[in-house]
Amino acid sequence: MLAVLKNRSFRHMFAAQVIAIIGTGLATVALGLIAYDLAGADASIVLSIALTIKMVSYVTLAPIAAALASQFPRRSWLVTLDILRALVALALPFVSEIWQIYVLIFVMQASSAGFTPAFQATIPDVLPDEDDYTNALSLSRLAYDIESLLSPTLAALLLTLVTANSLFFGTAAGFIASALLVVSTVLPSPQPSATTGLYQRTTLGIRIYLKTPRLRGLLGLTAVAASVSAMVIINTVVIIRAELGLSEHMVALALAAFGAGSMLAAFTLPRLLAGHQDRSLMIAGALIAILAQTGLAAYAIFANAALLPVMLCWFLSGFGYSTVLTPSGRLLKRSARAEDRPAVFAAQFTLSHGCWLITYPLAGWSMSSFGMGISLLVLNALAILGLLYAQRQWPADDPENLPHAHPELAADHPHLQSTADQEKSTSQRHSHPYVIDELHKTFPPRNQ
């Protein structure tokens, strides 16, 4: 897996990602402390509103940002957004009103909504080899998992030396370092799609996404991942502290179990994906997580909750969660031309966070209203619907090359002439890697 770091461009991009997400983790801790200073016992309300602002900005602004990004060199776009995020981080220590937190968080998350999909869409251009790209996806998943464990620890150590406000300067330094690493990298900037007009560019990714069967399947599986992770992220503290009556350290341990399962999947997936189809592994991961949480729900209802079943369930949930999400980049790469990938990655970014925008409040409401067992079943019901939708939309037989006809094109059309395995016929039938674009408006019927 680590061999992919020999590629200088990816090594710098990966380092930029790691530094930026650690800085973001520090900011998360510091934001909680500042919210408490400003709002006292209402700090949880402030943070929940900030989280909602984050999700809403992700869902609404990512497609617009992708449309704008297509008009600028990729490196300049990424560096500009890193600098903007650094400026917001530098401003956060000086807030004196709660509304100022909301405004700055919106600007920072809007910048992230533009940065993250463009960054993700750049990696397959830097690493065109499928195996290298798979290893890069696993490394990226590991980086997020390690950050979730490292950032709180690092923040705790730093708080013994500096004030909470100083953590924001660490965040700003992280974004500046990220910008410098991106500047030092030569990045490809594919020419934008021929589609013109801001509305068409804004909706391009969503249109490609929803017309592609494997991506509609990915949306269903993303709903599974959102349901599983929302239960863990939102309700772990309530389960450990209120249901089990255990200490804060056990909360951290339970979250670490989820992260450990996710990391195990990230380590093993490159080898598994070399011999198995993405679809079968992702569905298997979804089933593992669903069965684990269903088992815990039954245990909680009939035998009361206990720490060991929760830890085991969270570990299996993390393994299933990562197995579902880690290969998603491979599907996005397969499903769009290089120039359209930023729009498609932005569509995944938008739709996936739309799933969390539903599952986060659902997890909190069901837990407070019905308790642990019923809450698990409610979230699992949504996950099962997502899995069934994925299986229906994503055919088990999903070849990259699809035979199809172009009766509307002349026999000497450049598209037909450029296809190596073209079959000469009156229907202008041929086969090639099929993606939605100007000449391919929908996927052909499977029996064509």
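1. Aspartate 278 counts as buried, because its relative accessibility is 8%. Buried here means under 20% relative accessible area, exposed means over 50%, and partly exposed lies in between (1.4 Å probe, protein chains only). The partner of aspartate 278 is arginine 330, in a salt bridge whose closest N and O atoms are 2.7 Å apart. Arginine 330 lies in helix 12 (residues 328–334) and aspartate 278 in helix 10 (residues 278–303), so the pair ties together parts that are 52 residues apart in sequence. Arginine 330 is also buried, at 8% relative accessibility.

2. A word on the basis. This is a predicted model, where local features need pLDDT of at least 70, side-chain atom pairs count only at pLDDT 80 or more, and totals for chains, interfaces and linings use all residues. Residues are numbered from 1 along each chain as its sequence is written, and side-chain values use heavy atoms, with hydrogens and water left out.

3. How many salt bridges does the structure hold? There are nine salt bridges. The term requires a side-chain nitrogen of Lys or Arg within 4 Å of a carboxyl oxygen of Asp or Glu. Side chains of opposite charge can pair when their charged atoms come close.

4. Take arginine 341 and aspartate 125. Their side chains meet in a salt bridge (2.8 Å, N to O). Arginine 341 sits in helix 13 (residues 341–370) and aspartate 125 in helix 4, so the pair links distant parts of the chain, 216 residues apart. Helix 4 covers residues 98–126. Helices (H or I, at least four residues) and strands (E, at least two) are DSSP runs, numbered from the N terminus. Both arginine 341 and aspartate 125 are buried, and aspartate 125 has 19% relative accessibility.5. Next, aspartate 398 and arginine 214. Their side chains form a salt bridge at 2.9 Å, N to O. The two are 184 residues apart and link distant parts of the chain: aspartate 398 is in the loop between helix 14 (372–393) and strand 1 (401–405), and arginine 214 is in helix 8 (residues 213–243). Aspartate 398 and arginine 214 are both buried.

5. Salt bridges also form a network here. Arg337, Glu339, Asp340 and Glu438 are its linked residues.

6. How many disulfides are there? The count is zero, where a disulfide is a pair of cysteine sulfur atoms within 2.5 Å. Cysteine 313 is buried, because its relative accessible area is 3%. Cysteine 355 is buried too, at 14% relative accessibility.
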